[in-house]
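Please look through the structure below before reading on.

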Amino acid sequence: MPNIKSAKKRVKSNAKRATKNVLINSSMKTAIKNVEKSVKSGDKAKAEENLKTAIKRVDKAMSSGQVHKNKAARVKSRLTKMKNGME
């Protein structure tokens, strides 16, 4: 446990930030999985809806610095390609 006041504050702020980071990352991954699942099931309307949500979550993760912009672009591209390739 830190003794210095600024170090105590840093512990609190790090914990708060870590919680936010986990929330952003897990919601992004869940949205991506939902798109993949709906594409496999063949439900076009559900896939379109899930794709919009996933793109929002990926963009949010990118803007907060959780994901590199190139990874965000790659993920969005793959998901869009997957959705457009549905029969």
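A helix here is a DSSP run of H or I with at least four residues, and helices are numbered from the N terminus. K71 sits in the helix called α3 by that count. The model is a predicted one, and the values that follow are computed from it.

α1 and α2 pack with their axes 8 Å apart, at an angle of about 155°. An angle over 145 degrees counts as roughly antiparallel, so α1 is roughly antiparallel to α2. The crossing in which α1 passes α2 is left-handed. On the α1 side, the contact consists of I24, S27, M28, A31, I32, N34, V35, S38 and V39. These residues meet K46, A47, N50, L51, A54, R57, V58 and A61 of α2. By class, the residues of this contact are eleven nonpolar, four polar and two charged.

The second pair is α2 and α3. Their axes come within 10 Å and cross at roughly 175°. α2 and α3 are therefore roughly antiparallel to each other as well. From α2, the contact takes A47, E48, L51, A54, I55, V58, D59 and M62. From α3 it takes K69, A72, V75, K76, L79, T80 and K83. Sorted by class, the contact of α2 with α3 has nine nonpolar residues, one polar residue and five charged residues.

Which residues touch the most other members of the largest nonpolar core? They are M28, I32, V58 and L79, in a core of 16 residues. The elements that each give two or more residues to this core are α1 (5-41), α2 (44-63) and α3 (69-84). α1 gives the most, with six residues. Leaving out residues up to four places away in sequence, M28 touches R57, V58, A61 and V67.

S38 lies in helix α1. Is S38 buried or exposed? S38 has a relative accessible area of 5%; buried means under 20%, so S38 is buried. Beyond its neighbours within four places in sequence, S38 is in contact with D43, K46, A47, N50 and M86.

K37 is also in helix α1. Its relative accessibility is 57%, and exposed means over 50%, so K37 counts as exposed. The C-alpha atoms of K37 and S64 are separated by 26 Å, and the two residues are 27 residues apart along the chain.

K83 is found in α3 and is buried, with a relative accessible area of 17%. Apart from its neighbours within four places in sequence, K83 is in contact with V39, A47, E48 and L51. K71, in α3, has a relative accessible area of 38%. Values between the buried and exposed limits count as partly exposed, which is why K71 is partly exposed. The C-alpha atoms of K71 and R10 are separated by 30 Å, with the two residues 61 residues apart along the chain.

Methods:
Residues are numbered from 1 along each chain as its sequence is written. This is a predicted model: local features need pLDDT of at least 70, side-chain atom pairs count only at pLDDT 80 or more; totals for chains, interfaces and linings use all residues. Side-chain values use heavy atoms; hydrogens and water are left out. A nonpolar core is a set of buried Ala, Val, Leu, Ile, Met, Phe, Trp, Tyr and Cys residues joined through side-chain atoms within 4.5 Å. Buried means under 20% relative accessible area, exposed over 50%, partly exposed in between (1.4 Å probe, protein chains only). Contact means heavy atoms within 4.5 Å. Axes are lines fitted to C-alpha atoms, for helices over the stretch in contact, and angles run from 0 to 180 degrees between N-to-C directions. Angles under 35 degrees count as roughly parallel, over 145 as roughly antiparallel, 65 to 115 as roughly perpendicular and the rest as oblique. A crossing is left-handed if the near helix is turned anticlockwise from the far one by less than a right angle, and right-handed if clockwise. Ala, Val, Leu, Ile, Met, Phe, Trp, Tyr, Cys and Pro count as nonpolar, Asp, Glu, Lys and Arg as charged, and the others, Gly among them, as polar.
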